[in-house]
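Here's a quick briefing for anyone meeting this protein chain for the first time. Have a look at the structure, then read on.

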Amino acid sequence: MHTSTSTPAPVRRALTLETINPAVLDVQYAVRGELALKADKYAQQLAAAATPMGEGSGTSKPAPAPAAPKLPFDKVVTANIGNPQQRGLDQQPITFWRQVIALLEYPALLDAPEAQALFPPDAIERARTLRAEIGSTGAYTHSKGVLGIRRKVAKFIEERDGHPSDPESIFLTAGASAGVAQILGLALRHGDGCLIPIPQYPLYTATLAYVGALPVPYFLQEQSAWSMTESDLERAIEAAPTGQPIKALVIINPGNPTGGCLTRDAIESVIRLCAARGILLLADEVYQNNIFDPEHKPFISFKHVLRSLEPEVANAVELVSFHSISKGVSGECGRRGGYFELTNIAPDVAEQIYKMASVSLCPPVSGQVGVDLLVDPPRPGQPSYAQWEKETSTTHNNLKSRSKFMYERFNALDGMSCQPAEGAMYLFPRIDMPARAVEEAKRIGKPADVMYALELLDKTGICAVAGSGFGQEPGTYHLRVTALCPGVEAYVAKIEQFHRDFMAQWA
């Protein structure tokens with residue numbers, strides 16, 4: 001019997017960086033980029049150091065790995081992402097939400113004798129109603145989402161805006177991000193331009209890169225509470241390459257990462273520009289419940305302003321509005337629930353949007369239930385209202401007070417300035433970067449605010465996001481930090497000390 005001794009040819013890999021979709025290589029997402037990965041490694045290192053030797057299953061003990069250098073901090077502070085219920089941030093879930101969800105996930109509880117003692121009657125009633133509409137939470141639903149829930153969303157929008165809303169124009173989604181990606185992917189062809197705010201949430205540039213569309217930046221005015229005018233938008237359009245088609249315009253209101261909240265006049269100017277130029281308007285309004293001074297700077301939806309204008313504008317501007325259960329006072333990020341509403345979208349295009357939604361079969365059912373609870377919370381006089389009001393007010397007031405505290409302390413620092421956050425859950429302080437620090441950052445091949453953020457993480461354990469990850473005016477440097485962290489006094493004190501040391505080092 002002959003045995004071959006020749007070495008088989010190596011199997012050629014189907015997937016390499018040279019053979020995958022090249023658009024993927026252009027996608028950047030700073031919120032979970034280099035800084036977040038490094039923070040995760042530090043968290044694992046701290047956890048390993050806290051685990052006693054020999055703990056675990058099995059009888060054999062592997063040789064111990066070389067001890068990692070001791071870190072100059074005892075915990076990692078995740079100030080890089082708006083994930084309120086994350087371990088370490090620990091925002092309290094809303095009890096009514098969890099009660100209804102528990103009953104839906106294990107519906108045998110609905111008829112159990114113990115249910116009356118464990119759950120308030122309005123939670124049981126809500127779960128029964130949703131059970132009748134949905135059936136099992138393990139089954140697919142309509143691709144737009146459960147009709148009964150979409151009807152509630154329409155009622156919520158009508159009560160908020162004072163104008164009609166059609167449940168058939170509402171699509172429930174796996175968080176607002178999935179809806180944004182769905183609409184951008186359908187609306188934009190390769191090479192189309194999309195106006196995006198600078199600074200912006202990196203979801204937009206990442207999605208545009210993936211679909212082959214081009215971001216056309218317009219700069220928010222930092223000294224004007226991060227607002228913009230129609231002239232700012234016109235300048236951005238004029239600065240685009242000759243012949244560049246501008247198909248869409250993105251607004252984030254309240255702003256991420258800035259916390260700015262647009263006035264009615266600013267909103268109207270955006271709408272009129274879209275009307276004049278035939279531009280699709282995308283309104284990211286996921287922070288609409290995070291408003292800190294509603295008497296003087298309320299949230300006003302784009303749908304409300306649009307429908308309040310003269311008919312030739314109100315019935316012409318194409319608008320898609322987004323909302324989510326991840327923000328506000330619910331913070332149910334991992335449940336993946338949200339919706340978008342179509343306004344003035346041609347019926348045949350809406351059919352294509354539905355077709356693409358159908359490809360994914362349906363949004364997560366648990367997220368759909370979250371949308372129901374978001375738009376239809378307990379009402380005054382109902383058994384769960386007092387607890388719901390207490391819990392949501394506590395969460396909102398904590399966020400508001402932390403934001404104010406951080407703004408005041410950052411503004412008191414030499415070499416740092418900060419606009420007050422009018423909404424959302426972040427601050428975006430500006431760093432007056434020393435020239436020597438800028439030169440050093442160039443030498444190591446990083447933006448200066450990335451170098452600043454990496455050193456902040458290395459020395460304090462605080463993970464923030466450099467402003468360059470969101471875009472910023474050339475020659476300026478920023479840092480985005482959340483106002484979600486408990487123990488804000490100690491957290492800010494660490495930033496203050498680091499900042500003073502950094503500025504002295506590079507003065």
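Two strands count as paired if DSSP finds at least two bridges between them. Helices (H or I, at least four residues) and strands (E, at least two) are DSSP runs, numbered from the N terminus. Keep in mind that this is a predicted model, where local features need pLDDT of at least 70, side-chain atom pairs count only at pLDDT 80 or more, and totals for chains, interfaces and linings use all residues. Residues are numbered from 1 along each chain as its sequence is written, and side-chain values use heavy atoms, with hydrogens and water left out.

**The whole chain**

- The protein chain has 18 helices and 14 strands.
- Its radius of gyration is 25 Å, close to the 23 Å that the globule rule gives for 507 residues, so the chain is as compact as a globular protein of that length. That radius is taken over C-alpha atoms, and the rule is 2.2 Å times the number of residues to the power 0.38.
- Along the principal axes, the C-alpha atoms fill a box of roughly 75 × 65 × 65 Å.
- Take the contacts (heavy atoms within 4.5 Å) between residues at least 6 apart in sequence: 73% of them join residues at least 24 apart.

**Surface and burial**

- Of the 507 residues, 52% are buried, meaning under 20% relative accessible area with a 1.4 Å probe, protein chains only.
- The accessible surface (Shrake-Rupley method, 1.4 Å probe) comes to about 24100 Å², and 55% of it belongs to carbon and sulfur atoms.

**A three-stranded sheet**

- Strands of a sheet pair through backbone hydrogen bonds, either parallel or antiparallel.
- Here, three strands form an open sheet in the order E10-E14-E13, with antiparallel pairing.
- E10 (426-427) and E13 (465-466) are at the edges with a single partner strand each, so one side of each has no neighbour in the sheet.
- E10 and E14 run antiparallel and are joined by two bridges; Tyr426 sits opposite Thr482 in E14.
- Two bridges also link E13 to E14 (residues 479-482), again antiparallel. Ala466 has Leu479 as its bridge partner, while Val465 has Arg480.

**Side chains along E14**

- In a regular strand the side chains alternate between the two faces of the sheet.
- Leu479 and Val481 point one way from E14, Arg480 and Thr482 point the other way, and all are buried.

Conventions. Buried means under 20% relative accessible area, exposed over 50%, partly exposed in between (1.4 Å probe, protein chains only).
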